[in-house]
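Hi,

Here is the structure I promised to pass on. Have a look at it first, and then read my notes below.

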Amino acid sequence: MIKTKKEYSNGVVTVVYESDLCIHSGVCSKGLPDVFQPGTRPWVKAKGAGTEEIIKQVQKCPSRALSFYMNSPDREDGEKGSVKAIEAGHKVEVLKDGPIMMEGPITLVGSDGQRKVMADACYFCRCGSSKSKPFCDGSHKDIGFKE
(Lines give C-alpha, C1' and ligand atoms only; values in the text may rest on other atoms or scores of the structure.)
Protein backbone atom coordinates (compact mmCIF):
# COMPACT_ATOMS: atom_id res chain seq x y z
CA MET A 1 0.00 0.00 0.00
CA ILE A 2 1.25 3.48 -0.86
CA LYS A 3 1.84 5.66 2.17
CA THR A 4 0.42 9.13 1.80
CA LYS A 5 0.34 11.84 4.38
CA LYS A 6 -1.62 15.03 3.87
CA GLU A 7 -2.10 18.04 6.09
CA TYR A 8 -5.04 20.42 6.39
CA SER A 9 -4.90 23.56 8.53
CA ASN A 10 -7.27 26.19 9.85
CA GLY A 11 -4.33 28.34 10.96
CA VAL A 12 -4.44 27.19 14.58
CA VAL A 13 -4.46 23.41 14.26
CA THR A 14 -3.25 21.18 11.44
CA VAL A 15 -5.00 17.87 10.83
CA VAL A 16 -2.69 15.15 9.54
CA TYR A 17 -4.19 12.30 7.49
CA GLU A 18 -2.24 9.09 6.80
CA SER A 19 -4.29 7.19 4.25
CA ASP A 20 -2.47 3.87 4.72
CA LEU A 21 -3.73 3.70 8.31
CA CYS A 22 -7.37 4.51 7.56
CA ILE A 23 -9.94 1.73 8.04
CA HIS A 24 -12.77 3.90 6.66
CA SER A 25 -14.92 3.56 9.77
CA GLY A 26 -16.60 6.90 9.05
CA VAL A 27 -16.21 8.05 12.65
CA CYS A 28 -14.76 11.35 11.46
CA SER A 29 -17.41 12.21 8.87
CA LYS A 30 -20.32 11.05 11.03
CA GLY A 31 -19.04 13.02 14.01
CA LEU A 32 -18.09 16.25 12.25
CA PRO A 33 -19.54 16.31 8.71
CA ASP A 34 -18.78 19.99 8.17
CA VAL A 35 -15.07 19.21 8.40
CA PHE A 36 -14.67 15.62 7.18
CA GLN A 37 -16.25 15.12 3.76
CA PRO A 38 -15.07 11.96 1.99
CA GLY A 39 -15.52 12.12 -1.77
CA THR A 40 -14.75 15.84 -2.00
CA ARG A 41 -11.44 17.58 -2.63
CA PRO A 42 -9.98 18.50 -0.26
CA TRP A 43 -11.89 16.08 1.91
CA VAL A 44 -10.87 17.81 5.15
CA LYS A 45 -12.34 21.30 5.46
CA ALA A 46 -10.31 22.52 8.43
CA LYS A 47 -12.27 25.77 8.66
CA GLY A 48 -15.59 23.93 8.94
CA ALA A 49 -15.59 23.90 12.75
CA GLY A 50 -13.78 25.33 15.74
CA THR A 51 -10.33 24.13 16.73
CA GLU A 52 -11.50 22.35 19.89
CA GLU A 53 -14.24 20.50 17.99
CA ILE A 54 -11.73 19.34 15.38
CA ILE A 55 -9.26 18.14 18.02
CA LYS A 56 -11.93 16.18 19.88
CA GLN A 57 -13.10 14.50 16.68
CA VAL A 58 -9.59 13.66 15.49
CA GLN A 59 -8.92 11.99 18.85
CA LYS A 60 -11.85 9.63 18.20
CA CYS A 61 -10.23 8.16 15.06
CA PRO A 62 -10.04 4.41 15.80
CA SER A 63 -7.16 3.72 13.41
CA ARG A 64 -5.13 6.83 14.26
CA ALA A 65 -5.07 7.72 10.56
CA LEU A 66 -5.99 11.20 11.75
CA SER A 67 -3.75 13.13 14.10
CA PHE A 68 -3.01 16.79 14.65
CA TYR A 69 -0.50 19.32 15.80
CA MET A 70 -0.92 22.86 16.94
CA ASN A 71 0.56 25.50 14.68
CA SER A 72 3.12 27.41 16.66
CA PRO A 73 4.61 30.19 14.58
CA ASP A 74 6.24 31.65 17.68
CA ARG A 75 8.57 28.68 18.22
CA GLU A 76 12.16 29.76 17.71
CA ASP A 77 13.25 26.43 16.23
CA GLY A 78 10.45 26.45 13.65
CA GLU A 79 9.58 22.84 14.45
CA LYS A 80 6.06 21.46 14.42
CA GLY A 81 5.27 19.34 17.44
CA SER A 82 2.57 16.83 18.21
CA VAL A 83 0.57 17.82 21.26
CA LYS A 84 -2.09 15.13 21.23
CA ALA A 85 -1.77 14.24 24.89
CA ILE A 86 -1.40 17.79 26.09
CA GLU A 87 -4.42 18.97 24.14
CA ALA A 88 -6.46 16.11 25.56
CA GLY A 89 -5.83 17.54 29.02
CA HIS A 90 -3.20 14.97 29.91
CA LYS A 91 0.55 14.80 29.71
CA VAL A 92 2.74 11.82 30.57
CA GLU A 93 6.47 12.41 30.79
CA VAL A 94 9.25 10.03 31.78
CA LEU A 95 11.72 12.13 33.74
CA LYS A 96 15.40 11.34 33.24
CA ASP A 97 16.69 9.21 36.11
CA GLY A 98 13.42 9.74 37.93
CA PRO A 99 9.69 9.13 38.06
CA ILE A 100 6.89 9.24 35.52
CA MET A 101 5.08 12.56 35.73
CA MET A 102 1.40 12.71 34.76
CA GLU A 103 -0.53 15.95 34.48
CA GLY A 104 -4.21 15.59 35.27
CA PRO A 105 -6.93 15.39 35.47
CA ILE A 106 -6.67 11.62 35.78
CA THR A 107 -8.54 9.03 37.81
CA LEU A 108 -6.31 6.67 39.76
CA VAL A 109 -7.93 3.31 40.46
CA GLY A 110 -6.22 1.40 43.24
CA SER A 111 -5.87 -2.39 43.44
CA ASP A 112 -8.79 -2.31 45.89
CA GLY A 113 -11.01 -0.57 43.32
CA GLN A 114 -10.97 2.76 45.14
CA ARG A 115 -10.97 5.74 42.80
CA LYS A 116 -9.15 8.99 43.40
CA VAL A 117 -9.25 11.96 41.04
CA MET A 118 -5.86 13.53 40.60
CA ALA A 119 -6.47 17.08 39.38
CA ASP A 120 -2.86 18.26 39.13
CA ALA A 121 0.47 16.66 38.36
CA CYS A 122 1.42 13.46 40.14
CA TYR A 123 4.65 11.51 40.06
CA PHE A 124 4.73 7.72 39.82
CA CYS A 125 7.63 5.53 40.96
CA ARG A 126 9.70 3.97 38.21
CA CYS A 127 12.56 2.55 40.25
CA GLY A 128 10.54 0.26 42.53
CA SER A 129 12.05 1.59 45.76
CA SER A 130 9.38 4.09 46.80
CA LYS A 131 7.79 3.49 50.17
CA SER A 132 4.63 5.26 49.02
CA LYS A 133 3.90 3.32 45.81
CA PRO A 134 2.59 3.97 43.28
CA PHE A 135 3.88 7.47 43.99
CA CYS A 136 7.49 8.57 43.89
CA ASP A 137 9.06 9.51 47.23
CA GLY A 138 12.52 10.36 45.87
CA SER A 139 14.04 6.95 46.65
CA HIS A 140 15.47 6.80 43.13
CA LYS A 141 18.13 9.30 44.24
CA ASP A 142 19.14 7.14 47.20
CA ILE A 143 19.64 4.02 45.10
CA GLY A 144 21.29 5.80 42.15
CA PHE A 145 18.51 4.91 39.70
CA LYS A 146 19.55 5.70 36.12
CA GLU A 147 17.42 5.29 33.02
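A nonpolar core is a set of buried Ala, Val, Leu, Ile, Met, Phe, Trp, Tyr and Cys residues joined through side-chain atoms within 4.5 Å. Buried here means under 20% relative accessible area, while exposed is over 50% and partly exposed is in between (1.4 Å probe, protein chains only).

Before you dig in: this is a predicted model, where local features need pLDDT of at least 70 and side-chain atom pairs count only at pLDDT 80 or more, though totals for chains, interfaces and linings use all residues. Residues are numbered from 1 along each chain as its sequence is written, and side-chain values use heavy atoms, with hydrogens and water left out.

Now the core. The largest one has 20 residues, and Phe36, Trp43, Ile54 and Leu66 touch the most other members. Strand S2 (13–18), helix H2 (51–58) and strand S3 (66–70) each give two or more residues to this core. (Helices, H or I with at least four residues, and strands, E with at least two, are DSSP runs numbered from the N terminus.) Leaving aside neighbours within four places in sequence, Leu66 is in contact (heavy atoms within 4.5 Å) with residues including Val15, Phe36 and Trp43.

Next, the strands. Two strands pair if DSSP finds at least two bridges between them. S7 (residues 106–109) and S8 (residues 115–118) run antiparallel and are joined by 4 bridges; Leu108 has Lys116 in S8 as its bridge partner. Their hairpin has 5 residues between the strands, and Gly113 takes a positive phi near 90° there.

There is also an open sheet of 3 strands, in the order S5-S6-S9, with antiparallel pairing. Which strands stand at its edges? They are S5 (91–94) and S9 (122–124), each with a single partner strand, so one side of each has no neighbour in the sheet. S6 (residues 100–103) pairs with S9 over 3 bridges, and Met101 has Tyr123 in S9 as its bridge partner.

Last, the salt bridges (a side-chain nitrogen of Lys or Arg within 4 Å of a carboxyl oxygen of Asp or Glu). The whole structure has 3 of them. Lys96, Asp97 and Lys146 are linked in a network: the closest N and O atoms are 3.7 Å apart for Lys96 and Asp97, and 3.9 Å for Asp97 and Lys146. Asp97 lies in the loop between S5 and S6 and Lys146 in the segment after helix H4 (139–143), so this pair ties together parts 49 residues apart in sequence. Glu147 and Arg126 also meet in a salt bridge (3.9 Å, N to O). Glu147 is exposed at 63%, whereas Arg126 is partly exposed at 24%.

Cheers
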